[in-house]
Amino acid sequence: MIETRIKELRAKHGMRQEELARLVGVRRETIGNLEKGRYNPSLVLAWKIAHVFDVSIEEVFTVKETDAEQK
């Protein structure tokens, strides 16, 4: 499972979902789905989002193992 800090980073930069979506070339709904963990980004989209916030991809997205994956 991928966890994201997009919402936190947007708040820190005073940015709305619509603005981030426009900057990375996706729909606002995609940003909302990413924030809620309903969608995993492509590598290109993850890079674009990290680039907007001037951070590494790892600072935006982290992988959390599920119980099934830990066994």
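The protein chain folds into 6 helices and 2 strands, these being DSSP runs numbered from the N terminus (H or I of at least four residues for helices, E of at least two for strands), and from the N terminus on the elements run β-α-α-α-α-α-β-α. This is a predicted model, in which local features need pLDDT of at least 70 and side-chain atom pairs count only at pLDDT 80 or more, while totals for chains, interfaces and linings use all residues. Residues are numbered from 1 along each chain as its sequence is written, and side-chain values use heavy atoms, with hydrogens and water left out.

As to overall form, the C-alpha trace spans about 40 × 20 × 20 Å along its principal axes. Buried residues (under 20% relative accessible area, with exposed meaning over 50% and partly exposed in between, for a 1.4 Å probe and protein chains only) make up 28% of the 71 residues.

Helix 4, residues 43-53, shows how such burial is arranged, its buried residues being Leu45, Ala46, Ile49, Ala50 and Phe53. Seen down the helix axis, these residues fall within an arc of 135 degrees, so they line one face of helix 4, the arc being that of the directions from the axis to the C-beta atoms. They pack against helix 1 (6-12), helix 2 (17-24), helix 3 (28-35), helix 5 (57-60) and strand 2 (61-63), where contact means heavy atoms within 4.5 Å. The face turned away from the buried side carries the exposed residues Leu43, Val44 and His51, and helix 4 is followed by Asp54, whose phi is positive, near 55 degrees.
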